[in-house]
Each structure stands twice: as C-alpha cells, then as structure tokens.
Amino acid sequence: MKRKLLALALAASVSMPALAQAENVKIGMITTLSGGGSSLGIDIRDGFALAVKQGGGKLGGQDVEVMIEDDARKPDKAKQIADKFIKRDKVDILTGIVWSNLALAVVPSAVKGGTFYISPNAGPSQLAGKLCNENYFNVAWQNDNLHEAMGAHVSSQGMKNAYILAPNYPAGKDALTGFKRFYKGELAGETFTKLGQKDYAAELAAIREAKPDSVFFFLPGGMGIAFMKQYAQSGIDAPVFGPAFSFDQGILKAVGDAALGVKNSSQWNKDIDNAANKAFVADFQSEYGRLPSLYASQGYDAARLIASALEKAGGVGDADAFRAALKAAEFDSVRGAFKFGSNNHPIQDIYVREVIKEGDVLTNKIVGVGLKDHADAYASQCSM
Amino acid sequence: MSAAFIFEQLLNSLQLGVMLFVMAAGLTLVFGVMGLINLAHGSLYMVGAFFCAWVAGETGSFWVGLGAGLVAAAAAGAVIEMLVMRRLYDRDHLDQVLATFSLILIFNEGTRWVFGAQPLYLDIPAGLATSVPLPGGGGYPLYRLVIIGFGIATAVGLYLLISRTRLGMQIRAGESDREMIGALGVDINTLYTLVFAIGAMLAGLAGALVGALQSVEVGMGEPVLILAFVVIVIGGIGSIKGALIGAILVGLVDTLGRAFLHKLFALALPPAEANGYGAAMASMAIYLLMAIVLAWRPKGLFPVNA
C-alpha cells in the first residue's frame, strides 16, 4: 500500500511539476500579536494579509506561503522565531517586526545570511547607517523621519520652549534625536520613560514644573493613550504635538476627545488621493470592519513591494534580480510618490495631520506637508 | 525645584502605592490562605477594566461600569477557583505556575475574541476631571486623590474584615493551619472560593480605576502583575500588612526614582547622558530595592509564620 502511494506521488510530481511545493515563495512574519502593543502588529499583519488576499493567495503572480508568529514584544523570542524560520522553514523573506529593539536583535544576522528583510515599521538609525545591508529594505520610514517633520512644524508654529518625551529604547532615542534635528528653539526638558510605562504622574509633574510652551511626545500604542488622558486631566495647557504613532487610528477611539485638534506627522493618511489608497481603505474596511491605521498601510505596502519585485524578477530564485527589483520599488504605494534612497530607506513626503471628528469617529485629516521628498540623515554613514 | 513639586511627587508615590496594594492584597491573601501562586491575578485586573469600560460605554456611567467590573472580576475569580484552582492546592508551586500561566493566555485570547484587539475607551467621570490646587502652587488631578481614597478604604476594610469578622477569623486560622480548620467543621471549599473571589474583586477594582487613567487593552495585567509580585516579595509573601508597606515603598522608590534620579546624575554628567542613565536606573530602582530587602531579610519585611 505504502509503495503504491509512493509511486502515485512520484508519478504525480513528474507529471505536474507546476504544482510542486518548492515553487512557493516562503515569507516569515514575526510580529507582536499578544500583550502590550499587539494592536500594532495585528494591523501590520492584517494589512499584509489583505494584499495577499487581493492577489488571490499570490503576490506578483507567485504562490506565497506566509508563516506568522507572535514575538510578544520580546527580543529573545523574536530572535528564536527568526532562527526557526531561517534554519527549519528556509524562508526567502522575513518581515513584520514592530519594535526597533527587536529589529536590532533579528535583522543584522538574518540579512548577513542572505535572507531578505522587508521592514513594515521599525527603522532604527543603526540599520539605516553603519549596519545597513543590501538585503534590508524599510518600506515605512527611518525612525527619525516623522519626528523630524514634527520638529520643523513645532518651530514653524513659533514654539521656542518645548518639553520632549519618549520611551527609553532605540526608537525613542531616534525620535528625540530626529525632533531636535529640525527644531530650532530651546528645550524646557527632555525625558526618557520606561518602555510600556502607563502612569505618567511623575513626568507630568516635571512638565508642569518646567513650564514649556509646547510638549512633544512619542509614545506608541497604549502608552500614548495613557499619556494623553492623564495630560488632559493634569491641567497643563501647553499644546501637544507628536508623530502619527501617538495618534493613529487604532488608539484614537480609546483616547477620546482629549486628542481633538492635535497636530501629528505621518507619511500616510486615509485621505491621500490616489487609486491605490482608495482601494486599500475601502477593502480594508469591508474586510475587517474598521478604519486602517498607518501600521496597516505599512503592512499593505510591504506586501505590495514584495509583489512588485516577485513579478519583475520572476520569483526569488535569482537573488540579485530580486534585490534589484525591490530597490526599483515599482509599485503604487498608498502614500503616493515613493522611492528608496541609497541605503534602502524611503524618500517620501511627510505630512502634518490634525485629529478631527467625522460624525462620531475620531480620525486624522492632512493639513499640510511637513517635509517634502524627505530622506534620512544616516544614508551617508551607509557604505553600501 | 519647588516644595509643591516635591509634595506632588509624594502624592504620586502614595497613589501608585495604594493601587499596588489593592492589586497585591488579593495576591498575597490567596497565597497566605491557600498556598497558591496565582499568575492569573493580572488577568482578573484586565477583566475588571474591560467590563468597566464596556458597561460604562453602554450606560454612560463610570460608576455603574465600576460596579460591573467588580462583579465580573469576582465572578471570574469564583469560576476559575472552582474549575481550576481547586485542583491545584495540593500540587507543588511549579504546577500552579504552569496552570495559572496558561490561564493568562486563555484570558488574553478570550478577551481579544470578545472585545477585539483594539484598546477600549474608558474615561474618568466628568465630575472628577479637574485638578485641585495644592498648597504652594500647582494642581493635583482630583481623580488621583479619589484613587488614594479608594486605596485607603480598601486597606481599612481589609483590616476590619480580617481582625473583626468571623470570615476574617477563618482566614487567619486558614493561614496558620489549613487542615485543622477543616477538621473543626469549617466548610473549606466555600471559604476558599470566597477568599479567591475577594482577591479577584480587588484586582478588578484596581483594573477599573487604573484603566480609566491609563489604557484598557489586552495584556494590560502582566506588567502590573510583576509589580504586585515585587510588592509581596518585599512585604513577605502572605502578609497583608507586608503588602501595604511593600506597596508604599515600591510606589515611593519608583516615582521618586523617575522624578529625581536624572537630576542626581546631572550633577556629575552632561544632560544627555544623565537622562539616559537616570531613565535606566529609574526602571531598575524597585528591583534593586527588592534585592536589598531580600539580602537583609530573605523572607521579606513581615514574614508569615516566622
């Protein structure tokens, strides 16, 4: 019986080579799906999955197998999953990581070993500069970018004494560095908080004491919800500014009206007028029953970048052709114009958005361009 | 640095401390009476916050939501005690850790399944959204003062419950000799379910009160659980008094560390480095406190059965 089955399988594999397993492009997604910050990873996953679904289970005409694992925001866990994906599952492409400390634990060794990594979010300065690699592409932004735009905007609003605040991890440091690069005034104070911290009583007291004319904060996910609510109660009346991460679609509902009118910076918004974005926003809403966040747009663009390269290079078989096709980035990004700089990080417009209410729903609207055709500050340190 | 600033930070320490106490009291009570290590205590905190947010959203009243959060957490506690915990009392701590850890995963996924992955909206009642003036200038959010009030009321209530009531007597007896009170005719199963439900309700209370201040999201219980464990290890596992003192100590060290450590470093270092070291040291401070206390008193400040 066994021999008969074997013979049958052999015959089948000879007669139908097109169906053989080896043809699948294997994509390993490591992202945060449980615990604090999981709504970010879920949005990235859902955005990515939407693009695969629109392609009927294919990206760029190639069958893809997407394996998804939860890193629970832990660097050691992310590293283990990456090792498993690379050694056991032999994936061609890795993607998905939300947090910069996790990206730094996973990406350098993975790309050195020849695996491609497409970052849908984390863009630590190290990977844009000294640790840049030809197999690493960031489809979202370099960490500093959105904060740089906000630094420029806060200065343009005539603010001269800002208090700035971010969590104590690589992206938090990049955030404040980026803000200061384009902000011209004085600093009333600068604070690093613990990653995942939810109570800001001590920090708010320090802000009150410092009497700033504006407050800039980078606190993604639940941290931003907690900070905004507590800021609203604190009685401090300096206006707040932040990157889109502090005011993304996923957290606005939980922040409530305290966020109304706040200016924030983003490379994407749902009202950007192009066909790709319209299709994305409509399909995302009908598939998942909620408005997409910028994280979802980044997951979606990551999948579509991969699709464009798979189509152009005819798969991942020829790594050089695939790499060149990724670099060409010939896809219609939902954010509009998009291209890669010399260090495989985006050159793009960063917009200033305002939190508004559409009916009962809090969301963002673009009110201006913060920085046009903006590239990151680390490209010159990249010797690629 | 003004006196008002220091006073405000002391209030912040007290507020964090009493909330940690409410959380840790249930954990240490359950350990003291049943000898059970309950990692799922943070999940009950989450249950309290989610039900409070949900009911407050439906009814428009935070206080109705708070009541619902307490009931839901107590009910969830009673159910898991009867279904799961009861089977664990005679097993060793490793089995308990394993089983209650799996409950964390079940609660997190279950909550995501019921309420969705995105954080829920829960704000403090409109009447409490102001700040009261502090002597020496500045203001302090009224809601945080209310939290301090809830925390002190919980501490007094627990003290009266344990020292003055029949149930309290049974709890104390249970802490000293579990088998004997069973032999004396106390219905040990009901007592355990009751104690567990009280602990769960306290976790739910903390979750709902703090959820309104912070964010109501899946996984919100785990960071608090770690702090609650630090508190009861410092205070002496099983001791309510220890939990109170430990919680206030942790509140003080954590808040004052965040407020003043970087200023201390700035005396000797350039500001950028001082900020970095200050932030790193501040997040380590409570664990250092725990290490020091344990080196000095390996069973905590108020060891039970010493």
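Predicted model: local features only at pLDDT ≥ 70, side-chain atom pairs only at ≥ 80, totals over all residues.

Modeller: Residues are numbered from 1 along each chain as its sequence is written, chains are lettered from A and ligands numbered from 1 in the order in which they are written, and side-chain values use heavy atoms, leaving out hydrogens and water.

Colleague: Thanks! What area is buried between chain A and chain B?

Modeller: The size of an interface is often given as the accessible area lost when the parts come together. Here that loss is summed over both parts, using a 1.4 Å probe. Carbon and sulfur atoms give 48% of the area, and the total is about 3,200 Å².

Colleague: Which residues of chain A lose the most area to chain B?

Modeller: Contact, meaning heavy atoms within 4.5 Å, takes 37 residues from chain A and 38 residues from chain B. Three residues of chain A together account for 19% of what that side buries, and they are A:E209, A:K229 and A:Q233.

Colleague: How many salt bridges does the rule find across the interface of chain A and chain B?

Modeller: The rule asks for a side-chain nitrogen of Lys or Arg within 4 Å of a carboxyl oxygen of Asp or Glu. A:D199 and B:R144 form a salt bridge, with their closest N and O atoms 3.1 Å apart. Over all chains, the whole structure has 27 salt bridges. Across the interface of chain A and chain B, the number is four.

Colleague: Now within chain A, which residue forms a salt bridge with A:K180?

Modeller: A:K180 lies in helix α7 (residues 170-182), and its partner sits 10 residues away in strand β8; helices (H or I, at least four residues) and strands (E, at least two) are DSSP runs, numbered from the N terminus. The closest N and O atoms are 3.0 Å apart, and the partner is A:E190.

Colleague: How many residues apart are A:K263 and A:E354?

Modeller: Their side chains meet in a salt bridge of 4.0 Å, N to O. Both count as partly exposed, A:K263 at 23% and A:E354 at 22%. A:K263 is in strand β11 (residues 263-266) and A:E354 in strand β13 (residues 346-358), so the pair links distant parts of the chain, which the DSSP runs define as separate strands. The separation is 91 residues.

Colleague: Is B:R112 buried or partly exposed?

Modeller: B:R112 forms a salt bridge with B:E109, the closest N and O atoms being 3.1 Å apart. Both lie in helix α4 (residues 93-115) of chain B, three residues apart, about one turn of the helix. B:E109 is partly exposed at 42%. B:R112 has 12% relative accessibility and counts as buried.

Colleague: Last one: what is the area of the nonpolar surface patch that includes B:L160?

Modeller: B:L160 lies in helix α5 (residues 142-164) of chain B. A patch takes residues with over 30% relative accessible area and no salt bridge, joining like charges within 9 Å and nonpolar side chains (Val, Leu, Ile, Met, Phe, Trp, Tyr) within 5 Å, and B:L160 has 38%. Together with B:I152, B:V156 and B:Y159, B:L160 makes a patch of about 380 Å².

Key. Areas by Shrake-Rupley, 256 points an atom, 1.4 Å probe, with all protein chains shown as cover. Buried < 20%, exposed > 50% of the residue type's maximum accessible area, 1.4 Å probe, protein only. Buried area = accessible area lost by both parts, 1.4 Å probe.
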